[in-house]
Amino acid sequence: GGRRRLSRRSRSAACSPCSALLCAASFCTMPPKKTEVNVGDTNVAKFGRAGNTLRMGILGLPNVGKSSLFNLLTEQSIPAENYPFCTIDPNEARCALPDARYEHLTSIWKPANSYPAYLQVVDIAGLVRGASEGKGLGNDFLSHIQRVDGLFHVVRAFEDPDITHVDDTVDPVRDLETIQMELCLKDLQYVKRAIEDEERDVKKSRGMKLSALFIETLARVQGMLESNQPIRDGVWSTTEVDMIRNKCPQLITTKPIIYLVNMSAADFANKKNKWLPKIHAWVKEHGGGSMIPLSVDWEANYFKAKDDKDAQAAFVDAHAGATSVLPKVVQTGYSNLDLVHYFTAGEKEVRCWTLQRGQCAPAAAGLIHSDFERGFIKAEVVAYADFKSLNTGSKGLSEAKAAGKFRIEGKTYIVQDGDIIHFQFNVTAPAKKK
């Protein structure tokens, strides 16, 4: 098969485990006059599990702002004490995905009920150096990371004498190295066990031997991890991806990662921070990825004024017109997991239905009810962009039909992000028992 990119970057590498890997990174930096963030390319690793309930985990060292960010994203109140292990069990919640298309549809239909798309988010306790060996409750934390599908890596780039740093001083590059090293070491332990298990199983079966694909692929995986290189930074063939997914499904460093640089409110407003160029360079040198500068302190104060629009506007004016980047954080996490959604719209409800990119119409219909998939006949589809350009405020798809933008699609149709769909189905017999 052709080579498959396993991360949001463009790389080339020799097949030797110890070969030096060169990369052209895609990353986000804080632009000089805007607060929008460029997300980079959209190649998403196909290592992860399939599903529409994928989760992003928030990780980092203790006291970098993880739980406070989680609180802001999910509007929940969980402990955020200045203590390294105040988050032991992962806190999980979901946060609504900002989507102007959804808001537009609800404004037209004014339904009795409406349901946005959601991003599942998990707050994971802080890692410390030596976590891969069990220090700081590290084994529990690392197992929590194994169970999420993508990572928000929060990096501290602010000084505050009242908030202790686990290593006493603020150095985001050192912290990035610490986290990557611990995740690679954890994966290395896991891969070595997987190799030993496979070798033991083969010895039990007379005439069996390890395949060349297994030997070469796992040797390369082990070599990368021993060199402190995440597996997502490699370029792998389809068969290699399938081999790794089959033999090492719990790898951590295959997961897509988004770097969130937590600065002071003043630095965020001024769009300047002494650590940004160094973090930018580190991300570029280590496989690239999305990098979003933010300030949890600024966001918290902005959120406090959410019920007073005048106070919120005054707060923005007092901070050089800075705007919240939390919507961008949620949207980037959603897209990093390769999630999309389609709409069903009517007077009773407008709803977003989340699915992974590339799924066909019957599977999308099954999100509503299994009978929709089992008895699928057709999908009546209007692209949101066509609906918006043609609709004059009326409820329904008549204007799209009149313009020839109303399509009938069959079982092989791949649902596109933003499709407005009505499914036709017919079920005449009960589902077969499994």
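Guide: A residue counts as buried when its relative accessible area is under 20%. Please keep in mind that this is a predicted model.

Visitor: Okay, so is Trp-298 buried or exposed?

Guide: Trp-298 has a relative accessibility of 0% and therefore counts as buried, and Phe-268, also at 0%, counts as buried too.

Visitor: How many aromatic pairs are there, and what about Phe-268 and Trp-298?

Guide: The count comes to 11 aromatic pairs. Phe-268 and Trp-298 form a tilted one, with 5.2 Å centre to centre and 55 degrees between the planes, and this pair links helix H7 (residues 265-270) with helix H9 (residues 296-304), its two members being 30 residues apart.

Visitor: Which residues are in the cluster linked by ring pairs?

Guide: The cluster consists of Phe-268, Trp-298, Tyr-302 and Phe-315.

Visitor: Switching to helices, at what angle do H5 and H6 cross?

Guide: The axes of H5 (residues 212-226) and H6 (residues 238-247) come within 10 Å and cross at roughly 80 degrees, and the two helices are therefore roughly perpendicular to each other. Among the residues making the contact are Leu-213, Phe-214 and Arg-220 of H5, together with Met-243 and Ile-244 of H6, and the contact residues divide into six nonpolar, two polar and three charged.

Visitor: Where does Arg-220 lie relative to Trp-236?

Guide: Arg-220 lies over the face of Trp-236, at 3.9 Å from the ring centre.

Visitor: And which ring has Lys-401 over it?

Guide: That is the ring of Phe-406, where the charged end of Lys-401 sits 4.6 Å from the centre.

Terms used
Residues numbered from 1 in each chain as written. Predicted model: local features only at pLDDT ≥ 70, side-chain atom pairs only at ≥ 80, totals over all residues. Heavy atoms only, no water. Axes fitted to C-alpha atoms, helices over the stretch in contact; angles between N-to-C directions. Helix = DSSP H or I, 4+ residues; strand = E, 2+ residues; numbered from the N terminus. Parallel < 35°, antiparallel > 145°, perpendicular 65-115°, else oblique. Contact = heavy atoms within 4.5 Å. Nonpolar A, V, L, I, M, F, W, Y, C, P; charged D, E, K, R; others polar. Phe/Tyr/Trp six-rings, centres within 6.5 Å; stacked < 30°, edge-to-face > 60°. Buried < 20%, exposed > 50% of the residue type's maximum accessible area, 1.4 Å probe, protein only. Lys NZ or Arg CZ within 6 Å of the ring centre and 35° of its normal.
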